[in-house]
Amino acid sequence: MNDNQYSGATEAELGFLKEIVRMLPAGLTVQDAHGELLLVNDAAAAQLGLDGSRPSPDLTPRREACRQALSDGQPVVTEEALHVGAARKVLLTTHRPVHLDGRELLISASSDITEQKNFEDQLFRSAYFDELTGLPSRRVIEHRANALLARDHGGERFALAFLDVDNFKHINDYYGHAVGDALLVELAKRLGRDLRDSDILSRISGDEFLLLLSPVQSQEEVAEFMQSTLERLTAPFFIDHSEVFASTSVGISLYPDHGRSFETLRQNADIAMYRIKNNGKGLAAFFDASMEREAQARMKVEQSLRLAILEKRFCCAFQSKVDIRTQAVKGIEALVRLRDDEGVIQAPGSFINLAGELGLIDELTHLVLAEIVKSIDLINDTFGPEATISINVAAKQAGNPEFMRSFAQALEETGFPQRFMIEVTEDAFVAKNHFQDEILPMFRKLGVGVSIDDFGTGYSSLSALADITADEIKIDRSFITDIHNRPRSQGILRAIESLSEALGMTVIAEGLETYEELAYLQAATKIRYAQGYYFSRPIFLEELKLATPSSSEARVSVASRPAQQHRQGYSRASGYRR
């Protein structure tokens, strides 16, 4: 700017210029070498709390920046965070020293970037911190572990613990997601108690946490700390007027004993955690080499399972539901079996849970339905055209509206949906999901029946049975085994039978194996139907095909047999006559 050009400016023009400076949207101040403010426009007065509209923030850092700029004679650009109580204002300020009319002055221009900084902070927190619990993310704990690995001094040890909440899905389903989220927050607080500044607790996904303990002196020290942490979790959580109990399974790896990279240590801690999950839950275990071998074996089973589904190496076996007074077949249950690489039939215990974990259970259920449809003529010839056909639906599937809609459509497309009955566990009814209100009506409309499977092994009480609208209830085998010698089971059986009768549900006794059990049911109960090895083991379609095609009696004799002719029954465990 040429000063001579404006040396003859009129008073009015100078007033006009001052008014423009006063109304600039950016904060503008001019101060002398002693720090005294010579000019402050309205925006700067508001930003710095000099207009009396609010308490003045601490301006000490600003004065220091100004002094430094004047001393160095160089412009300075700073971000100024001005705090008044809990409120924060962030300014982007340029301090520029100038020599004007023989005086050393400092011109400062500030823009309010508070909103921009808040947005940046939000992005930072979402990238590095968990929104629900406020804990650091996996990225943070990985960075910290890698820093420890990089500065390894040949003796410094640390521990990495993988923590997983037990039965969290059931808690979510039963109490609702709001309670589940609140539980995770409270869990994070308890897990984080007694941690040192050098330790880090991170939530890495839904109900999974990682804990870095550094430094540690010995495995015993870590074991003692984790034991006290697990004991702290045994106390109930009081959330939304509910008393919620939760436990956590923990797998631990030590550096350098169990790995020399973050990923290896995390994987080994994960492997140790799964060992606990399979052996009882709610405990802690350190990684060892045998676990790695187990994990490799599990991976082999997983790959085999995926290949088996791809190659459709699953088959169905059918077990009869029999009238215990007439031995007539009321219905059949389709039981899925896996034929391994060598042609050996594998029981569901070896793959069903894994199929659920891997997200393969939906495809498996549709394969079972396809096998039934393909063999319906043989099924009708063997068991009769009126026999119902039961298909098991896992609890995870029952709570998934998308899958249940697709399955209902598949049943309708068979042309005989009224022949089918879906078997679900009691949890599907009592959990706070949409099964009873939204999913069940879809199947009712098609004429598909609903059976409560394994009743008595879930989390519901007998009183919850009154709210369940099902056609059939299957009493778990644990109540039927040796029923004639167990008065307590007899009392429970009578209670279930009485309530089911009042609700119009057919009762089926599962796992009937001996003549004594049958005799008790016939003499002391009104139960009409049973399923178990006493009447029939699961029969494969190949066995039915081997019977004389023209003789339906031959097939029926394979599928069911009169009890009085075989008092010894079959052993459920072995499948062979005892």
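This is a predicted model: local features need pLDDT of at least 70, side-chain atom pairs count only at pLDDT 80 or more; totals for chains, interfaces and linings use all residues.
Residues are numbered from 1 along each chain as its sequence is written, and side-chain values use heavy atoms, with hydrogens and water left out.

**Stop one: α7 and α8**

Now select 168–175 for α7 and 177–192 for α8. Helices here are DSSP runs of H or I with at least four residues, strands are runs of E with at least two, and both are numbered from the N terminus. The two helices pack at about 135 degrees, with axes 6 Å apart. Axes are lines fitted to C-alpha atoms, for helices over the stretch in contact, and angles run from 0 to 180 degrees between N-to-C directions. α7 and α8 are therefore oblique to each other; that label takes what remains once angles under 35 degrees count as roughly parallel, over 145 as roughly antiparallel and 65 to 115 as roughly perpendicular.

Show side chains next: Phe-168, Ile-171, Asn-172 and Tyr-175 of α7 meet His-177, Val-179, Gly-180, Leu-183 and Leu-184 of α8. Contact means heavy atoms within 4.5 Å. Colour by accessibility and you'll find Phe-168, His-170, Ile-171, Asn-172 and Asp-173 buried in α7 (under 20% relative accessible area; exposed is over 50%, partly exposed in between, with a 1.4 Å probe and protein chains only).

**Stop two: the sheet**

Switch to cartoon and look for an open sheet of 5 strands, ordered β7-β8-β6-β11-β12 with mixed pairing. Strands pair if DSSP finds at least two bridges between them. β7 (200–205) and β12 (284–286) are the edges; each has a single partner strand, so one side of each lacks a neighbour in the sheet. Neighbouring strands are turned by 20 degrees against each other on average, direction ignored.

Zoom in on β7 and β8 (208–216), which pair antiparallel over 5 bridges. Pick Leu-201 and you'll see Leu-211 of β8 standing opposite.

**Last stop: Met-442**

Finally, jump to Met-442 in helix α18 (435–446). At 24% relative accessibility, Met-442 counts as partly exposed. Beyond its neighbours within four places in sequence, Met-442 contacts Met-404 and Arg-405.
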